[in-house]
Amino acid sequence: MKRKTFLALAASAMLAVLAGVTTSCTDKNDNPVDNPDAPNAKADAPAFDENNVVLAFAALSDTHIMVDPATSMDGIRNGIAAAGKKPEDFGPDMVKLLEAVFHNNVSFQECFPFLAAKSRRGLDALVIPGDLTNNGLQEEIDTIVKYFNAATAVSDKPFIYCSGNHDIFNDTISPKFTKRFHESLPASAFAADIKPFGANDSRHSVINGFHFIQVNVNNYEWSNGVYFTPTLRWLEDEMEEASKDDPTKPIFVLSHLAIPGTVTGSNYVSTGNAADMVWACDYIKPILDKYPQAFLMSGHTHFSMNNERDIMQDKFTMMNIGPLHYLITDNGFYNMGEGEGQLIDGYENHPQGTLFEVDKNGTIRIHCYDFGLGKQIGQPFIVNAPGYRNSLTTYGFDRANKPGPTFPASASIQSTVSDGKPVLSFPRASGNGSQVYYYDITIDDGSGKTENRKYLTDIYSTAQEEDMATPVIINLGTLATGKTYKITVTACNVWKKAGDTLTTTFSL
């Protein structure tokens, strides 16, 4: 739908559950890199120091800036009509996509004063891990540059970015995106770069003493994205250099693609195309595994930040930066009974972005925002400074062991029939330390056969759990008459962990 077709290849490396925390790291030849802060290995990291923030930056992803969002889908509409088909022939997601009115151009302009006002020191930089434009067209580059120059909160600051698959859509017929974008931006956007562009136009910058390494994927048409050997060697060299400069500070790494099996959307595979589309890539994992202070920022998946799986720690820290353009979710989920699909209902109304703050100790605080609502999403993520015994223990895979959601003690299901279709009503569940992601509903008609459905909650259209709708209303649709049904509703969290269950029985 929005991406080029990828060939399906199996990922060559799988993440292992964190076995322990190391305070030293190794270079590309596995030689130890000295860490002068090693004594802190037996101590907990200090709390985030609100009064000593030394770096603050806006991080957005998948901004997909267009020349005219109101007409951006005309090409798709015309192509469908020319083929003698209708949007519904391509499924419910295509219908939603073509009916949407996107706000990403406006959100891009409005987010900078919003984020700057949330930071005591304003913004030191703008960071975007790919898909800056929708098609990589020069007119789109000119548009994003115009917006950037007009944004006083960031216009004279470093612009840290890597390219995404959308940015290189037109590289076959026009000069390379990164070259054209570089030539279009003001010199101040590159003032923090410490050397000329590296392999595949990748970059290395230092802002207020913190290293930013921006690595560009070489090819998005082969499997899940490919980094060529020169690009990987460049990344190895730059990581080693950054670590030697100060191994006690986080190193921010930008790549458009996440690592499989980590943050939200990194396990996602789109099917039903000429070949499966794989949305992650593990090429850089062996390099970053050597550097516990690495912080990988990715995008591409368009999965929401209303989900604690958005951040993950293994041998280093990873975070999916939520999209400014639109939100999607797992295949196989129903949007509150309105049909199966990836695109979340009202997805275009919840552009997202983040404010990163780093204190003098190297501890990171990340506020996630829903710009459509003008609200903070959940609670801030706190990533402890490198080199401490708890530096990589907060956001590990062990969070999957959290208990499932709970219903209020007095909760029950009320069932009514509207236009011959049963409608369920019950109090919303609470996440119990996670987030309520979906309700798993079992329909038993007494014949020995049961049907299971997953109904996505309104997790993605609300900023906080207390904002979620209650009661939950679910229309089961048309069921056969003359039968007695037993309905079981189980609340599940973002780790797909089942929690409390409610049951009811009714006859049609």
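Which hand does the crossing of H1 and H2 have, left or right? The first legend below answers this. The views come from a predicted model, in which local features need pLDDT of at least 70, side-chain atom pairs count only at pLDDT 80 or more, and totals for chains, interfaces and linings use all residues. Residues are numbered from 1 along each chain as its sequence is written, and side-chain values use heavy atoms, leaving out hydrogens and water.

**View A. Helix H1 meets helix H2.**
Look for H1 at residues 74-82 and H2 at residues 92-99. Helices here are DSSP runs of H or I with at least four residues, strands are runs of E with at least two, and both are numbered from the N terminus. The axes of H1 and H2 are 10 Å apart and the angle is about 130 degrees. An axis is a line fitted to C-alpha atoms, for helices over the stretch in contact, and angles run from 0 to 180 degrees between N-to-C directions. The angle makes H1 oblique to H2; angles under 35 degrees count as roughly parallel, over 145 as roughly antiparallel, 65 to 115 as roughly perpendicular and the rest as oblique. The crossing is left-handed, a label used if the near helix is turned anticlockwise from the far one by less than a right angle, with right-handed used if clockwise. Ile76, Arg77 and Ile80 of H1 meet Met94, Leu97 and Leu98 of H2, where contact means heavy atoms within 4.5 Å.

**View B. Helix H4 crosses helix H5.**
H4 (residues 138-150) and H5 (residues 177-184) have axes that come within 10 Å and cross at roughly 40 degrees. This makes H4 oblique to H5. The contact joins Gln138, Ile141, Asp142, Ile144 and Val145 of H4 to Phe177, Arg180, Phe181 and Ser184 of H5. H4 passes H5 in a right-handed crossing.

H6 has 17 residues (229-245), which should span 24 Å at 1.5 Å a residue, and its end C-alpha atoms are 25 Å apart, which agrees. The expected span is 1.5 Å times one less than the number of residues. Buried residues of H6 include Thr231, Leu232, Trp234 and Leu235. Asn216 sits in the loop between strand S7 (210-214) and H6. Asn216 counts as buried because its relative accessibility is 2%; buried means under 20% relative accessible area, exposed over 50%, and partly exposed in between (1.4 Å probe, protein chains only). Setting aside residues up to four places away in sequence, Asn216 touches several residues, among them Cys162, Thr178, Tyr227 and Thr231.

**View D. Gln313 in strand S12.**
Find Gln313 in S12, residues 311-313. Gln313 counts as buried because its relative accessibility is 0%. Although Gln313 and Thr394 are 81 residues apart in sequence, their C-alpha atoms are 7.5 Å apart in space. Beyond four places in sequence, Gln313 touches residues including Val383, Ser391, Thr394 and Phe397.

**View E. Asp445 between two strands.**
Asp445 is in the loop between strand S20 (436-444) and strand S21 (450-456). Apart from neighbours within four places in sequence, Asp445 is in contact with Lys483, Thr484 and Tyr485.
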